[in-house]
Amino acid sequence: MNLKLIFIQFVCQNEGSDFLKTNKHITKVREWMRGNDVDAVIVTNPANQFYLSGFKALIYSRPILLIIEGKDTAFIIPGLEEKHARADAEVDKLYVYHEYPEGVKGAEDPTELLKNHLAAKHSKGSKIAFDLAYASAALTESIRATGFELVDATEQISKMRYIKDQYEIELMEEAGRLVGLAVEATLRAAAPGVTELEVDAKGNAVLFSETVKKHPNATLDLTVMTPSGNVRTVMPHVFSNTRKLQEGDVVIHSRQVGFNGYRAELERTFIVGEASDIQRKAFEAARKAQEAALEVIKPGIAAKEVDLVARKVLEREGFAKYAIHRVGHAIGVFSHEEPYLRFDSSLQLEEGMVFCIEPGIYIPEVGGFRHSDTVIITADGYRFITDFPRDLESLTKY
């Protein structure tokens with residue numbers, strides 16, 4: 001699910017920086033540039049910037065722009081991120097703009113810095129690509145007005161991120177191990193009278209302790225939510241709060257862990273006390289739908305077939321109208337990535353893609369039911385990055 005709930009980041013030296021120095025991802029961008037007569041690519045999406053440079057910053061109100069050209073790379077970056085960028089960014093040059101009088105040296109507007117850079121290196125009419133799905137209209141129209149031809153690099157960069165290499169998979173596997181430990185600790189702490197935030201905190205504590213013990217100088221970021229009860233669990237994306245778990249509650253615990261920039265997701269529905277008949281039936285329907293999707297997922301199958309096979313299970317069980325989202329999405333450097341496993345996508349799956357498989361149903365006055373697991377597509381099927389009990393007996397808290 002789209003977990004926008006708690007964002008906790010520990011910014012340290014990236015354990016995997018040696019990999020980033022090989023510039024494999026930049027090389028692919030340059031191959032696309034040569035094949036399409038593109039002179040420069042301007043990357044504005046923070047996830048894309050990390051994927052291509054190894055640098056991840058929290059972008060509040062201060063724009064950060066990554067420039068990729070035939071031979072050089074550069075960041076346009078605010079002064080308060082300069083030291084961070086010099087430590088982590090695998091680029092050739094930094095253009096730094098300032099917002100305090102002692103630091104001002106020249107152009108202090110990021111758009112003006114970009115315009116100056118492009119004007120100095122490229123003639124009018126040159127093709128400049130942006131990730132237009134994220135870049136602001138104000139920025140792109142300003143560049144267009146100076147006489148450049150704008151093209152879109154969104155699809156190209158998105159497709160580059162479809163297939164994970166061995167380095168990326170290893171990071172995601174460790175993220176999967178860590179998220180499993182956190183989910184286990186959270187569910188162990190869940191009991192009547194304990195708040196949603198308190199059960200989140202138990203998992204967080206185990207996660208932090210394990211990461212510090214096993215990975216000096218690592219980076220973590222996480223999202224977590226634990227809506228409970230028949231009202232809150234029908235809202236797929238909702239902040240954990242101070243509501244106390246009660247006997248008879250259905251609870252959806254959702255976690256994503258990013259380890260050195262790469263993520264894994266694990267979600268489990270559990271019941272506090274004895275499940276009612278309708279809770280039991282809905283739980284089993286959602287579990288069977290996930291199982292059906294996992295039975296068919298493999299290279300060569302269309303994305304829509306994975307979605308539709310799960311939807312058929314929910315239709316057979318009488319819950320299709322409550323299945324209000326797709327069966328899954330890719331994951332990597334961001335919580336939700338393309339491609340998506342939905343009913344209208346004919347994209348064929350390939351080995352090396354990584355998906356969260358998460359069919360869910362949300363029944364008014366009963367509650368929500370969803371498991372999610374992260375899986376890697378292999379040559380002959382898939383394998384789990386996350387694996388945790390899925391059956392009702394294991395997920396009932398007495």
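Student: Take L113. Is L113 buried or exposed?
Tutor: L113 counts as buried, because its relative accessibility is 12% and the cut-off for buried is under 20%. Keep in mind that this is a predicted model.

Student: Where does L113 sit?
Tutor: In helix 5, which covers residues 110-121.

Student: And what does L113 touch, skipping residues up to four places away in sequence?
Tutor: I76, Y97 and A107.

Student: How far apart are L113 and I76?
Tutor: In sequence, 37 residues. In space, 7.4 Å from C-alpha to C-alpha.

Student: OK, zoom out. How many helices and strands does the protein chain have?
Tutor: There are 12 helices and 18 strands. The radius of gyration is 23 Å, close to the 21 Å from the globule rule for 398 residues, so the chain is as compact as a globular protein of that length.

Student: What box do the C-alpha atoms fill?
Tutor: Roughly 70 × 45 × 35 Å, along the principal axes.

Student: What share of the residues count as buried?
Tutor: 57% of the 398. The chain exposes about 17100 Å², and carbon and sulfur atoms supply 51% of that area.

Student: What about contacts across the sequence?
Tutor: Take contacts between residues at least 6 apart in sequence. Of these, 66% join residues at least 24 apart.

Student: Charges next. How many positive and negative side chains are there?
Tutor: 48 positive and 58 negative. The centres of the two sets lie 1 Å apart.

Student: Now the inside. How many residues are in the largest nonpolar core?
Tutor: The largest nonpolar core has 96 residues. Those with the most contacts inside it are V41, L52, F355, I361 and F369. Helix 8, residues 166-189, gives the largest share of this core, with 10 residues.

Student: Which other core lies apart from it?
Tutor: Another core of 17 residues, including A40, I76, L139 and F148.

Student: What about phi of N217?
Tutor: Positive, about 65 degrees, although N217 is not a glycine. N217 lies in the loop between helix 9 (196-214) and strand 8 (220-225).

Student: And phi of N260?
Tutor: Near 50 degrees, also a positive value in a residue other than glycine. N260 is in the loop between strand 9 (250-259) and strand 10 (262-272).

Student: Buried or exposed, those two?
Tutor: N217 is exposed, with a relative accessible area of 54%. N260 is buried, at 2%.

Student: Last one, G328. Where is G328?
Tutor: In strand 11, residues 328-330. G328 counts as buried, because its relative accessibility is 0%.

Student: What is G328 in contact with, leaving aside neighbours within four places in sequence?
Tutor: Y340, L341, C356 and E358.

Student: How far is G328 from L118?
Tutor: Their C-alpha atoms are separated by 40 Å. Along the chain, G328 and L118 are 210 residues apart.

Methods
Residues numbered from 1 in each chain as written. Predicted model: local features only at pLDDT ≥ 70, side-chain atom pairs only at ≥ 80, totals over all residues. Heavy atoms only, no water. Helix = DSSP H or I, 4+ residues; strand = E, 2+ residues; numbered from the N terminus. Rg over C-alpha atoms; globule rule 2.2 N^0.38 Å. Buried < 20%, exposed > 50% of the residue type's maximum accessible area, 1.4 Å probe, protein only. Contact = heavy atoms within 4.5 Å. Areas by Shrake-Rupley, 256 points an atom, 1.4 Å probe, with all protein chains shown as cover. Lys, Arg positive; Asp, Glu negative; His and termini not counted. Charge placed at Lys NZ, Arg CZ, Asp CG, Glu CD. Core = buried A, V, L, I, M, F, W, Y, C linked by side-chain atoms within 4.5 Å.
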